[in-house]
Amino acid sequence: MLAATTLLAAAATQNVALWAIALVMIAAAFQVVTSTNVVRAALALVIVLAGVAAQYILLAAEFTAVVQVLVYIGAVVVLFLFGIMLTRARIGHESDLDNTNRWPALIVSGALLVMLLLMLKGAFNHKHISVSVPTTTAEIG
């Protein structure tokens, strides 16, 4: 009985951590797409990608988390930042990057979200998917 209670507490803690990381990722992703400063947008992208690595760790996929950090944060974002700095992009506020298509974009993205959710519900309606989790790097390979 004690082991079951401990497992439930660990699962609840993992769910809380997953949702906390997801909320930080959502806020940073919103900053990526709404920022008028390209350097801040790239740094917010670092937060989003680090959140993905943290979620991989919560899923016990440490190898994938390390690859996420090395490849995406360590290489791609650094490449973005070097590209921004070497092209002498303006660092300050850039008001000419904004346009008036926010409401049509919101309507289209909402419609796409509804269509995606309906498609996923139709594809996986009440089906249980069993997943075997690899524990070693050799099993992942």
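Visitor: Why does Phe63 count as partly exposed?

Guide: In this predicted model, Phe63 lies in helix H3 and has a relative accessibility of 41%. Buried means under 20% and exposed means over 50%, with partly exposed in between, so at 41% Phe63 counts as partly exposed.

Visitor: Which residues does Ile140 touch, not counting residues up to four places away in sequence?

Guide: Ile140 touches Phe63 and Pro134 on that count. Ile140 and Thr64 are 76 residues apart in sequence, yet 9.2 Å apart in space, C-alpha to C-alpha.

Visitor: What makes the nonpolar surface patch, and which helix gives its largest share?

Guide: Phe63, Val66, Val67, Leu70, Val71, Tyr72 and Ile140 make a nonpolar surface patch of about 610 Å². The largest share, six residues, comes from H3.

Visitor: Why is Gln68 called buried?

Guide: Gln68, which also lies in helix H3, has a relative accessible area of 7%, and since buried means under 20%, Gln68 is buried. Leaving aside neighbours within four places in sequence, Gln68 is in contact with Leu49, Val52, Ala53, Tyr56 and Ile73.

Visitor: Which other residues of H3 are buried, and what covers them?

Guide: Besides Gln68, the buried residues of H3 are Ala65, Ile73, Val77, Leu81 and Ile84, and what covers the buried residues of H3 includes helix H2 (38-58). In H2, the buried residues include Val39, Ala41, Val48, Leu49, Ala53 and Gln55.

Visitor: How do you know that the length of H3 agrees with what a helix should span?

Guide: At 1.5 Å a residue, the 25 residues of H3 (residues 62-86) should span 36 Å, and because the end C-alpha atoms of H3 are 34 Å apart, the two values agree.

Visitor: How do you know that H2 agrees as well?

Guide: The 21 residues of H2 should span 30 Å at 1.5 Å a residue, and the end C-alpha atoms of H2 are 30 Å apart, which agrees. Just after H2, Ala60 takes a positive phi of about 65°.

Note on methods. Residues are numbered from 1 along each chain as its sequence is written. This is a predicted model: local features need pLDDT of at least 70, side-chain atom pairs count only at pLDDT 80 or more; totals for chains, interfaces and linings use all residues. Side-chain values use heavy atoms; hydrogens and water are left out. Helices (H or I, at least four residues) and strands (E, at least two) are DSSP runs, numbered from the N terminus. The expected span of a helix is 1.5 Å times one less than its number of residues. Buried means under 20% relative accessible area, exposed over 50%, partly exposed in between (1.4 Å probe, protein chains only). Contact means heavy atoms within 4.5 Å. Patches are made of residues with over 30% relative accessible area and no salt bridge: like charges are joined within 9 Å, nonpolar side chains (Val, Leu, Ile, Met, Phe, Trp, Tyr) within 5 Å. Accessible areas come from the Shrake-Rupley method with a 1.4 Å probe; for residues, only the protein chains shown count as cover. A salt bridge is a side-chain nitrogen of Lys or Arg within 4 Å of a carboxyl oxygen of Asp or Glu.
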